[in-house]
Structure formats: structure tokens, C-alpha cells
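Please open the model in your viewer and keep the sequence panel beside it. The tour below moves from one selection to the next and says what is to be found at each stop.

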Amino acid sequence: MNEKLKALYAKYKDLVPYVIFGVLTTAVNYVSYWLFAHPLGCGTVFSTAAAWVLSVLFAYVTNRRWVFRSEAKGAKEIGKEFAAFVGARVGTGLLDMLLMYLCVDLLGWNDMVMKLASNVIVVILNYILSKFFIFKKKET
């Protein structure tokens, strides 16, 4: 039984912390969207973009350190990694903005429900991009 647990942990060792920090990143995104959209009265797209910036910065730090345990060192390597991270997040951020615009601004759906649904899609895509393209382990 002990060997099975070790094998399971080895297989999913990135997924568990990603889920934890993914929930926290979603919370940063969701709460900051709400603050911009509701108390401050900003539009859907602006609020989504502002929430994106805050959540991407939070996600990079947590993913780099605690999820994928990046081994990048030096300004050049870290800069390249950060650029790849932000580049991937731009794509999913644009998807988030598009979903919010279509579903909230055009179709009139509830913005907070749609924001949560959109975040679920984005978190899944971001995991795939981070795991296989941004924080991939160097082959030894």
C-alpha cells in the first residue's frame, strides 16, 4: 500500500498544490473583479482585465515557488519564464474577457456567476500550459 501512495503522490505532486493555489488565484480574481465592477462601477471588460493583472502576478509567484518548484535562476532565466507565463496567461485572459463580454454584456447573464464559470475554464487551461510548457522540468 505504501508504494501505491508514493506512486500516486509522484504522479500528482504538482496537481494538489495547483488546485490549492488555483482556488486562491480564483479568489483574487473573483474578489478584485467584484471590487472593480460593483463598488467602483467599472465596466465588465475593464474589471476583468484589472482582476487578470492582479491574479496573474499572484499566480506566477505561487506557481513558480510552491506548485512547480521552478529551478530557473538569474534574471535572464526568470525573465524568460515570467514572459512565457504572462504570454500564456494573455491567451486565457483574452478568453476570460471574451466570455464575460459575450455572456454578461451581450446576453445579460449574471456577471458573478459567469465570472466563476469562466475562471473554472481558465484555471484548467492555465494548468495545462504551466505544466507542459512554462514550468516543464529540464531533462537530465
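Select α5 and look at what surrounds it: the buried residues of α5 pack against α2 (15–37), α3 (44–67) and α4 (74–106). Please bear in mind throughout that this is a predicted model. To see the residues concerned, select within α5, which covers residues 111–134, the buried set Asp-111, Met-112, Met-114, Lys-115, Ser-118, Asn-119, Val-122, Asn-126, Tyr-127, Ser-130 and Ile-134.

Is Ser-130 buried or exposed? With a relative accessible area of 0%, Ser-130 is buried, and if neighbours within four places in sequence are set aside, its contacts are with Asn-63, Phe-68, Phe-85, Arg-89, Phe-135 and Lys-136.

## The whole chain

Now zoom out and colour the chain by secondary structure, which brings up 5 helices and 0 strands, so that the order of elements from the N terminus reads α-α-α-α-α. Taken along the principal axes, the C-alpha atoms fill a box of roughly 50 × 40 × 20 Å. Of the 140 residues in the chain, 37% are buried. If you display contacts between residues at least 6 apart in sequence, 71% of them join residues that are at least 24 apart.

## The pair α3 and α4

Select α3 and α4 together and turn the view until both axes can be followed; the two helices pack at an angle of about 145°, and their axes are 9 Å apart. Their crossing is right-handed, and the residues that form the contact of α3 with α4 comprise 16 nonpolar, 4 polar and 5 charged ones.

Within α3, select Ala-59, which is buried with a relative accessible area of 4%. Beyond the residues up to four places away in sequence, Ala-59 touches Thr-25, Arg-64 and Phe-85. If you then draw a line from Ala-59 to Leu-99, you will find the two C-alpha atoms 21 Å apart in space, while in sequence the residues are 40 apart.

## Two nonpolar cores

Which residues have the most contacts inside the largest nonpolar core? Select Tyr-18, Val-67, Phe-68, Phe-85, Ile-134 and Phe-135, which hold that place in a core of 13 residues. At least two residues of this core come from each of α2, α3, α4 and α5, and the largest share, 5 residues, is supplied by α3. Apart from this core lies another, of 9 residues, which includes Ala-51, Leu-99, Met-100 and Cys-103.

Return to Phe-85 and show its surroundings: leaving out neighbours within four places in sequence, Phe-85 is in contact with Val-56, Ala-59, Tyr-60, Asn-63, Ser-130, Ile-134 and Phe-135.

## The loop between α3 and α4

The next stop is the loop between α3 and α4, where Arg-69 is found. Arg-69 is partly exposed, with a relative accessible area of 32%, and its phi is near 45°, a positive value in a residue other than glycine. As background, most residues other than glycine have a negative phi.

Move on to Ser-70, which also has its place in the loop between α3 and α4. Why does Ser-70 count as buried? Its relative accessibility is 18%, and buried means under 20%. Show the side chains of Ser-70 and Glu-81 together, and you will see them joined by a polar contact of 2.4 Å. Not counting residues up to four places away in sequence, Ser-70 touches Arg-64, Glu-81 and Phe-135.

Finish with Val-31, which is found in helix α2. Val-31 is partly exposed, with a relative accessible area of 45%. Draw a line from Val-31 to Tyr-101, and the C-alpha atoms lie 18 Å apart in space, although the two residues are 70 apart in sequence.

Conventions. Residues are numbered from 1 along each chain as its sequence is written. This is a predicted model: local features need pLDDT of at least 70, side-chain atom pairs count only at pLDDT 80 or more; totals for chains, interfaces and linings use all residues. Side-chain values use heavy atoms; hydrogens and water are left out. Buried means under 20% relative accessible area, exposed over 50%, partly exposed in between (1.4 Å probe, protein chains only). Helices (H or I, at least four residues) and strands (E, at least two) are DSSP runs, numbered from the N terminus. Contact means heavy atoms within 4.5 Å. Axes are lines fitted to C-alpha atoms, for helices over the stretch in contact, and angles run from 0 to 180 degrees between N-to-C directions. A crossing is left-handed if the near helix is turned anticlockwise from the far one by less than a right angle, and right-handed if clockwise. Ala, Val, Leu, Ile, Met, Phe, Trp, Tyr, Cys and Pro count as nonpolar, Asp, Glu, Lys and Arg as charged, and the others, Gly among them, as polar. A nonpolar core is a set of buried Ala, Val, Leu, Ile, Met, Phe, Trp, Tyr and Cys residues joined through side-chain atoms within 4.5 Å. A polar contact is a pair of N or O atoms within 3.5 Å; within protein, one must be able to donate a hydrogen and the other to accept it, and residues adjacent in sequence count only if both atoms are side-chain atoms.
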